[in-house]
Amino acid sequence: MEKRRRIMELRTAASPRDVKHYTTERLREEFLISPVFCRDEIKLVYSHIDRIITGSAMPAEKSLVLTAGQELRAEYFLQRRELGVINIGGPGRILTDGKTWNVGSRDGMYIGMGAKEIIFESEDSGNPAKFYLNSAPAHMSYPTKLIRPEGEPGKGVVIVHPENKVELGSLETSNHRTICKYILPGQVESCQLEMGMTHLEPGSVWNTMPCHTHDRRMEVYLYFDIPEDGFVMHYMGEPTETRHIIVRNEEAVISPSWSIHSGCGSQAYTFIWGMVGENQDFDDMDSIDNRDLR
Ligand SMILES: O=C[C@H](O)[C@@H](O)CC(=O)C(=O)O
Ligand SMILES: [Zn+2]
């Protein structure tokens with residue numbers, strides 16, 4: 001294989017025994033991904049935690065081609081991996097081995113192991129697509145699908161099932177939100193990746209409250225729909241050693257299995273969660289009683 005260039009930032013795993021001593025700066029270096037989107041660039045962060053790759057493709061003036069880089073020691077990016085995508089920008093296209101998929105705003109894709117050529121494009125460079133990416137190691141190839149929250153199903157097009165739009169919380173507890181699950185067993189099959197988007201109602205600011213951990217999976221959150229002067233206080237850490245990271249619009253945060261992942265915003269916002277690990281049982285969580293948080 002010819003020598004390739006490095007195209008990803010590498011993050012190692014961190015121990016909770018060390019993390020509780022971290023300064024603000026150190027916490028941010030380890031867990032915050034910022035910026036996630038760069039115009040006309042593919043940005044990728046490879047984490048040793050379950051080997052998830054988090055990143056983006058934001059094609060504007062040009063098409064962007066996903067390659068393996070030096071880091072994967074693979075012929076092509078999806079040789080041994082699967083990929084989940086959600087577009088949070090304007091309408092775009094994804095080409096998988098020559099097949100064109102029209103990926104509208106808030107549409108998603110699952111691209112199975114083995115797809116060789118992956119190209120990202122925007123319909124309008126003035127309103128570029130922002131493809132958010134989560135990728136995990138894969139052991140077999142599941143069919144590639146376009147995933148839409150609403151609309152008509154078609155060949156290779158899956159509409160999120162009604163039971164996978166889950167309304168939770170209430171305005172009284174400031175956590176009224178809808179979890180829209182894009183990639184999960186029974187709807188869009190994958191080896192390990194699960195992905196979805198949670199939208200808060202106006203006046204609600206808390207996500208994943210009451211909170212949880214899940215020792216068998218790690219998770220990454222991408223927060224967006226936040227005004228420039230807004231923010232989300234993202235809470236992480238062991239339930240009795242909580243820390244916060246201030247997250248701005250379109251920033252992502254890595255959550256190790258041992259950590260809670262919950263946030264309180266200066267106003268309502270939206271976020272994408274991606275999970276990988278031991279199982280795909282969405283409800284396999286360890287709930288934390290609010291009284292036990294410290
Ligand atoms: O393990 C599940 C994930 O943390 C999220 O799906 C939770 C979430 O979107 C929410 O409660 O608001
Ligand atoms: Zn979770």
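**View 1. His214 and the loop that carries it.** His214 lies in the loop between strand 18 (212-213) and strand 19 (217-224), where strands (E, at least two residues) and helices (H or I, at least four residues) are DSSP runs numbered from the N terminus. This is a predicted model, in which local features need pLDDT of at least 70 and side-chain atom pairs count only at pLDDT 80 or more, while totals for chains, interfaces and linings use all residues. Residues are numbered from 1 along each chain as its sequence is written, and chains are lettered from A and ligands numbered from 1 in the order in which they are written. Because His214 has 22 C-beta neighbours inside 10 Å, it counts as buried; a residue is buried if 20 or more other C-beta atoms lie within 10 Å of its own, exposed if 12 or fewer, and partly exposed in between, with C-beta atoms placed from the backbone. Leaving aside neighbours within four places in sequence, His214 is in contact with Ser257, Asp284, Met285 and Asp286, contact being defined as C-beta atoms, placed from the backbone, that lie within 7 Å.

View 2. An unreviewed UniProt entry places the feature "binding site" at His212, His214, Glu219 and His261. These residues span 50 residues in sequence, yet no two of their C-alpha atoms are more than 11.6 Å apart, so they gather at one spot. UniProt positions are given in the numbering used here, feature names are shortened, and annotations may be inferred rather than shown by experiment. His261 is placed in the loop between strand 22 (251-255) and strand 23 (262-265), and it counts as buried because 24 C-beta neighbours lie inside 10 Å. When neighbours within four places in sequence are left aside, the contacts of His261 are Thr208, Glu219, Tyr221, Met236 and Ser255. Ligand 1 is surrounded by Arg177, Ile179, Thr198, Asn207, Thr208, His214, Glu219, His261, Trp273 and Met285, each counted if its C-beta atom, placed from the backbone, lies within 6 Å of the ligand.

**View 3. Tyr182 in the largest nonpolar core.** The largest nonpolar core has 72 residues, of which Tyr132, Tyr182, Leu222 and Tyr223 touch the most other members. Strand 19 gives the most to this core, with six residues. A nonpolar core is here a set of buried Ala, Val, Leu, Ile, Met, Phe, Trp, Tyr and Cys residues joined through C-beta atoms within 7 Å. Not counting residues up to four places away in sequence, Tyr182 touches Ile86, Gly108, Ile147, Val160, Val188, Met195, Gly196 and Met197. In soluble globular proteins, nonpolar side chains tend to be buried together.

**View 4. Strand 6 between its two partners.** In strand 6 (residues 81-87), seven of its seven residues are buried. Arg81, Leu83, Val85 and Asn87 lie on one side and Glu82, Gly84 and Ile86 on the other, so that both faces are covered. Seven bridges join strand 6 to strand 11 (residues 131-137), the two running antiparallel, and the bridge partner of Gly84 in strand 11 is Asn134. Strand 6 also pairs in the antiparallel sense with strand 9 (residues 108-111), over four bridges, and in strand 9 the bridge partner of Gly84 is Tyr110. Two strands are said to pair if DSSP finds at least two bridges between them.

View 5. Strand 7 (residues 92-96) and strand 10 (residues 118-122) pair in the antiparallel sense over five bridges, and the bridge partner of Thr96 in strand 10 is Ile118.

View 6. Most residues other than glycine have a negative phi, and most peptide bonds are trans. A cis peptide bond joins Ser34 and Pro35, with omega about -5 degrees, and Pro35 lies in the loop between strand 2 (32-33) and strand 3 (42-47). Another cis peptide bond joins Met209 and Pro210, with omega about 0 degrees. Thr208, although not a glycine, has a positive phi of about 45 degrees, and its place is in the loop between strand 17 and strand 18.

Notes
Contact = placed C-beta atoms within 7 Å.
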